[in-house]
Amino acid sequence: MDLYNYEKEFRNIYKNLISTKGRDKKNRQIVSVYLSNLPDPQAINYDLFVDFVIKNINTIVENDYVLVLFSSDMVYKPSWSWVIQTYKTMNRDFKKNLKALYIVHPSFWTRLFIAAFTKILSPKFAKKIVWISCLHHLSRYIPYREITIPLKIFEYERKNNLDKIVEIDHNTLESSSSSSSDTSSINISNDEISPIKISEPVFGVPLEQLMGYEGERGIPKIVSDAVEFLLENGLKEEGLFRRSPSIHLIKTVKEAYNTGNVNITIQSLNNTHLAAVILKTFVRELPKPVFPAELYPEFKKINYKIEPSELAVKINESILDKITTNSRMLFAEICRLLKEVHLNSQYNLMSANNLAIVWTPNLVKSGKPFEDFEMATVAPEGTVGSFVRWAIEHYDLLFAFHNSTSSSSIKMSNTISEGIPPRNTIYRSNNIRRNW
């Protein structure tokens, strides 16, 4: 392999293995290393790769820096002799300017190796080491926003029950930081400790808690994140809303949004099927359904044979005006997305009928499973499923602004009829008889 190809391959490995993003609370550069991404030593010349790494971070280590080693899920472990030899060849800046080494999720092998390493080469080096059992412990030293934490590290925490939120009140923090025995053992100073942020939950809470009583807070962030991501990236994805990623992945994303973890967002994960499932999960876990059981008789009365514009008015009056403002806003936002998915059904195979099949069960919940199942079916008429299908196909009519002087005609908004309508022009028109 020539030098050019080595450089190209090393760049790809380096990008996944090392991050130089962020600064700690003392404004020192952070270098993060993800040991699970170490390449196979049989396929890569480690000596040449180390030279490549040193060349790329040489300017960083000329000043004080800290090193964060994420050691979970390591596949390839370099030999002890190679690590020791490599350490000996590093220049003085690498050793002297390293002010702290945070080892996250250490395994038995890691602890054993570090113990042997410090005894053989540098007993002073041991004073720089901080063992980190979980990410919440790491946040005492380094804010989450300052480093990149890959999703698989959060999954590792969940699988090993390390992801529980620990509430630390101000008094606990003060007592722990003032205790000389505690702080000396883990080497924490007062200015390095910060409380763990406990955010309001997002999943499984009433819409009014997230949106206000009349939608004044707008669409929940989890919904807008998913909808905008799918509009930009998922419209041609085959089987959208039908396929599901791993349960661990879904739980990890839910935990991230519930705790306000900015490292994990739908956009950063860049997974269309994950975004689709998260959106359905949010709606399904609402304490109260979008369409309550007392409206089931209204769905059975819908006559789909009449003129669509006239039917849109009747549906608004008999159904949409009878659900909460928050539920109307949420349903309109979902239909805004589903309409565009339907228009791309030649690519994604998700017609309005198919979308109604997978979505309607998430919109109903009466406590009577058989009745809910019956109403969620996409029959020719008389069910919530048949209404959802019609709502997707006639989105522009159903969610247009009503004419304030006549309920028999619908005045279309230009922003709605042209392309994908902006979210904030669709459903906040309380001055028009609660119509849209």
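Start with Lys 254 and Glu 285. They form a salt bridge, with the closest N and O atoms 2.8 Å apart. This is a predicted model, so keep that in mind throughout.

Where do Lys 254 and Glu 285 sit? Lys 254 is in helix α12, residues 247-259. Glu 285 is in the loop between α14 (272-284) and α15 (296-301). So the pair ties together parts that are 31 residues apart in sequence.

Is Glu 285 buried, exposed or partly exposed? Its relative accessibility is 27%, so Glu 285 counts as partly exposed, since that class runs between 20% and 50%.

Next, a pair within one helix. Glu 333 forms a salt bridge with Arg 336. The closest N and O atoms there are 3.0 Å apart. Both residues belong to helix α17, residues 325-343. They are three residues apart, so about one helical turn separates them.

Glu 333 has 0% relative accessibility, so Glu 333 counts as buried. Arg 336 has a relative accessible area of 3%, and so Arg 336 is buried as well. The cut-off for buried is under 20%.

Another pair: Arg 28 and Asp 24. This is a salt bridge too, its closest N and O atoms being 2.8 Å apart. Arg 28 is buried, and Asp 24 is buried.

Then there is a network. Salt bridges link Glu 7, Arg 11 and Lys 55.

How many salt bridges does the count give? Twelve. As background, side chains of opposite charge can pair when their charged atoms come close.

Away from the charges, look at the surface. Trp 80, Phe 108 and Leu 112 form a nonpolar patch there. Together they have about 340 Å² of accessible area. Take Phe 108 from that patch. Phe 108 lies in helix α5, residues 108-120. Its relative accessibility is 68%, so Phe 108 counts as exposed; the threshold for that is over 50%.

Last stop, Thr 272. Thr 272 lies in helix α14. Its relative accessible area is 11%, so Thr 272 is buried.

What is Thr 272 in contact with, leaving aside neighbours within four places in sequence? The contacts are Phe 229, Leu 230, Asn 233, Gly 234, Glu 237 and Leu 240.

That's the tour. Over to you.

Technical notes: Residues numbered from 1 in each chain as written. Predicted model: local features only at pLDDT ≥ 70, side-chain atom pairs only at ≥ 80, totals over all residues. Heavy atoms only, no water. Salt bridge = Lys/Arg side-chain N within 4 Å of Asp/Glu carboxyl O. Buried < 20%, exposed > 50% of the residue type's maximum accessible area, 1.4 Å probe, protein only. Helix = DSSP H or I, 4+ residues; strand = E, 2+ residues; numbered from the N terminus. Patch = residues over 30% accessible without salt bridge, like charges linked within 9 Å, V, L, I, M, F, W, Y side chains within 5 Å. Areas by Shrake-Rupley, 256 points an atom, 1.4 Å probe, with all protein chains shown as cover. Contact = heavy atoms within 4.5 Å.
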